[in-house]
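Please look at the structure shown here and follow the report below. The text begins with the two ligands and then turns to the chain around them.

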Amino acid sequence: MNYKEIYNKSIENPEDFWKEQANQLEWYKNPSIILSKDEKEYPLWFADGEINACYLALDKHIQDGFGENIAIIYDSPVTQTVKKFTYNEVKTEVAKLAGGLLSLGLKKGNTAVIYMPMIPQAAFAMLACARIGVTHSVVFGGFAPHELAIRIDDCKPKVILTASSGIEVDRLIAYKPLVDEAIELAEHKPKKVVVLNRKLGARIPFKKYDVDYDALVYGSEETPCVPVEASHPLYVLYTSGTTGKPKGIVRDTGGYATALNYSMQYIYGVKPDEIFWAASDVGWVVGHSFIVYGPLINRNTTILFEGKPIKTPDASTFWRVIAEHKVNVMFTAPTAIRAIKKEDPNGEFIKQYDLSSLRTQFLAGERCDIATLEWYQQHIPIPAIDHWWQTESGWPMIANMMGVEFLPIKPGSAGKAVTGYNIQIFNEKGEELGPNEEGYVVIKLPLPPGTMLDLWKDNARFKSGYLNKFPGYYFSGDGGFKDQDDYIFITGRVDDVINVAGHRLSTAEMEEIVSSHHAVAECAVIGINDELKGQIPLALVVTKSGENMEHFQLQQEVVQLVRQQIGAVASLRDVITVQRLPKTRSGKILRKLMRSIVDGENFQIPSTIDDEEIVNELITNFSTTKIGSFK
Ligand code: COA
Ligand code: AMP
């Protein structure tokens with residue numbers, strides 16, 4: 001079947017389509033109900049099926065005779081380690097860890113937080129939770145204790161799994177003190193903290209709740225997989241929303257496993273036994289779907305990379321990993337390619353490696369700008385595929401489906417709607433727009449399997465954030481347009497979410513933090529264009545009258561505050577003091593106007609502005625201030 005046929009089939013008869021895909025998996029109980037509604041009237045896939053994601057990722061392959069195949073290659077330039085784990089080895093460690101978690105009192109229905117760097121034990125911890133029906137919530141290691149505490153209070157883990165340290169390029173980051181601080185800040189107190197000592201020299205302050213990871217694993221028996229309902233929450237993954245409180249995206253098990261198995265084959269075009277590398281982090285959705293569960297369910301070798309595209313040790317790292325492990329298909333963020341391009345503009349490093357194993361390069365996390373795409377293709381002439389998805393969807397929604405039919409690439413577009421996603425472009429009134437008209441990107445319900453089930457313990461926010469704006473449709477929060485050939489172009493977020501080096505962050509959350517500084521009367525944080533990171537935040541602050549703090553000091557303190565509360569990953573470096581902020585007559589801050597002025601784009605002064613003179617003030621202010629790492 002070509003793309004058009006398979007896509008139409010998935011939209012016209014979703015139940016038959018996804019039943020066929022679900023049948024590719026081994027269920028404890030095959031679902032007889034394919035598509036129904038949950039008690040909150042939201043579409044639900046495979047309601048009466050029973051399955052286990054860890055079983056599909058590990059035990060199944062061992063039973064099929066592939067136990068000695070390599071499941072995970074841990075490649076860590078920061079510790080100069082390469083270690084390969086067979087499916088048998090991973091299963092043994094995961095099953096013992098799962099046994100250990102049971103002995104700590106964890107059971108099906110409980111939650112566990114995983115706060116770990118990019119090490120194999122992070123994947124083992126996820127799989128061990130899945131094995132016994134414990135819902136995991138992985139928190140990205142770049143988040144500060146305050147962020148970790150918010151997540152602890154929301155998902156109330158019985159246990160936290162962590163490691164002694166992570167490594168950022170050349171600096172050791174001790175994780176355990178961060179976990180202890182988060183537990184102190186949080187109201188909910190986990191019972192145990194399982195700590196893996198990486199023996200890299202980090203300080204591990206001892207607390208009564210500590211359990212040694214190695215002792216737990218080696219002192220425990222292997223435990224079997226527990227069948228769970230298809231709708232059982234495999235994980236909660238927090239992502240930035242339009243308020244200071246992150247949103248806990250709830251993922252089911254059966255629909256997700258079906259969607260991932262399908263994506264590996266039909267979107268990424270990867271056959272079992274091939275080598276797949278998603279250069280991301282287990283703290284993001286890409287890590288969940290395409291470092292851990294997707295490739296393992298599809299019986300691939302997955303690469304777990306602890307490093308950066310540059311500086312670990314240099315811009316050749318990606319090419320070294322591809323050549324050394326014979327990677328067939330790779331996934332990274334355009335920002336990583338931009339970082340490499342900046343260090344090695346003529347692709348000299350690329351020439352030093354044999355990249356003949358690499359068939360396709362996938363890019364996502366932010367829009368792939370045309371210059372980056374062209375640079376990539378000039379130096380590595382294989383399909384470089386931009387594709388669009390979100391933490392909420394869990395797997396791609398717009399792509400060039402390489403396992404179905406390779407369609408011509410249109411630079412700037414993420415491709416066409418993936419099977420199962422009926423994507424439309426709406427205006428504010430919910431009317432569908434025609435070709436090349438820009439509007440809101442929405443998806444007609446039901447979404448296909450594997451997409452978010454709910455927000456953790458907050459169905460009202462789920463409905464108001466995603467479903468109520470256009471009844472019967474999922475509101476993605478992105479803007480975009482479709483061209484005459486149904487290629488979709490994503491133009492960016494239409495809310496207060498920004499994308500910094502492929503990391504999704506909330507400007508509303510940063511505003512809350514900046515406003516908490518004693519000298520700040522009010523502020524706005526906006527995302528502005530950045531050549532390397534795509535976007536970076538910029539804080540505009542109005543100081544309290546009578547405050548005569550030096551700007552330099554204020555900037556330093558505000559930056560420090562954001563680093564302390566969110567983490568360095570927020571990348572806030574620029575703070576500008578302004579006399580006042582542009583507002584509508586009803587008091588709404590005109591962030592889009594400020595963004596356009598800073599980015600040097602054409603802008604229209606909204607008729608509702610309370611004082612037009614402020615625009616000239618801002619233009620003068622911005623033109624005399626050095627903003628951003630490249631401006
Ligand atoms: N733990 C602790 N700190 C972390 C961290 C982690 N896991 N990840 C990032 N940080 C820190 C960094 O050390 C840096 O701190 P600094 O301001 O003190 O230097 C800060 O957070 C910003 O980090 P980062 O966004 O990674 O910027 P960078 O300048 O170090 O590197 C890139 C730039 C483009 C190379 C890097 O951002 C990158 O590789 N991006 C790709 C991201 C990606 O794969 N995203 C997943 C989507 S698919
Ligand atoms: P996250 O939930 O962290 O994966 O971020 C999802 C958001 O990143 C989307 O809503 C988009 O705004 C942006 N995004 C991800 N991939 C792309 C892409 N290929 N093109 C444009 N924007 C993207």
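An oxygen atom of ligand 1 sits 3.2 Å from a polar backbone atom of V569. This pair is a polar contact, meaning two N or O atoms within 3.5 Å; within protein, one must be able to donate a hydrogen and the other to accept it, and residues adjacent in sequence count only if both atoms are side-chain atoms. Ligand 1 on its own exposes 940 Å², of which the protein buries 83%. Such accessible areas come from the Shrake-Rupley method with a 1.4 Å probe, and for residues only the protein chains shown count as cover. Two elements give two or more residues to the shell around ligand 1, namely β10 (171–174) and α12 (334–343). Helices (H or I, at least four residues) and strands (E, at least two) are DSSP runs numbered from the N terminus.

This is a predicted model, in which local features need pLDDT of at least 70, side-chain atom pairs count only at pLDDT 80 or more, and totals for chains, interfaces and linings use all residues. Residues are numbered from 1 along each chain as its sequence is written, chains are lettered from A and ligands numbered from 1 in the order in which they are written, and side-chain values use heavy atoms, with hydrogens and water left out.

**The two ligand shells**

Around ligand 1 there are 24 residues, and E168, R171, K308, R563 and R573 come nearest. A residue is near a molecule or strand if one of its heavy atoms lies within 4 Å of it. The shell of ligand 1 divides into 11 nonpolar, 7 polar and 6 charged residues. In this scheme Ala, Val, Leu, Ile, Met, Phe, Trp, Tyr, Cys and Pro count as nonpolar, Asp, Glu, Lys and Arg as charged, and the others, Gly among them, as polar.

Ligand 2 is surrounded by 14 residues, and the closest are D386, H387, T391, R493 and R504. By class, the shell of ligand 2 holds 3 nonpolar, 5 polar and 6 charged residues. The table gives further atom pairs for both ligands.

| Residue atom | Ligand atom | Distance |
|---|---|---|
| G142, backbone N or O | ligand 1, nitrogen | 3.5 Å |
| K533, polar side-chain atom | ligand 1, oxygen | 3.0 Å |
| Q390, polar side-chain atom | ligand 2, oxygen | 3.0 Å |
| E366, backbone N or O | ligand 2, nitrogen | 3.4 Å |
| R367, polar backbone atom | ligand 2, nitrogen | 3.3 Å |

Taken alone, ligand 2 exposes 490 Å², and the protein buries 93% of that.

**Domains**

The protein chain is divided into domain 1 (3–307 + 387–480) and domain 2 (501–630). These bounds come from an automatic or database domain assignment. The centres of domain 1 and domain 2, taken over C-alpha atoms, are separated by 34 Å. In domain 1, 18 residues are in contact with 14 residues of domain 2, where contact means heavy atoms within 4.5 Å. Why does ligand 1 lie between domain 1 and domain 2? Both domains give residues to the shell around ligand 1, so ligand 1 lies between them.

**Annotated spans**

UniProt, in an unreviewed entry, places "domain: Acetyl-coenzyme A synthetase N-terminal" at residues 3–56. That span is 43% helix and 15% strand, with its end C-alpha atoms 28 Å apart. The UniProt feature "domain: AMP-dependent synthetase/ligase", also from an unreviewed entry, covers residues 66–446. Residues 66–446 are 30% helix and 23% strand, and their end C-alpha atoms lie 36 Å apart. For residues 509–588, UniProt lists "domain: AMP-binding enzyme C-terminal" (unreviewed entry). Over residues 509–588 the chain is 28% helix and 31% strand, and the end C-alpha atoms are 17 Å apart. UniProt positions are given in the numbering used here, feature names are shortened, and annotations may be inferred rather than shown by experiment.

**Backbone details**

Most residues other than glycine have a negative phi, and most peptide bonds are trans. T312 and P313 are joined by a cis peptide bond, with omega about 0 degrees. P313 lies in the loop between β17 (301–305) and α11 (317–325). A cis peptide bond also joins L445 and P446, and P446 is in the loop between β24 (439–444) and β25 (454–455). R299 is not a glycine, yet has a positive phi of about 55 degrees. The place of R299 is the loop between α10 (285–297) and β17.
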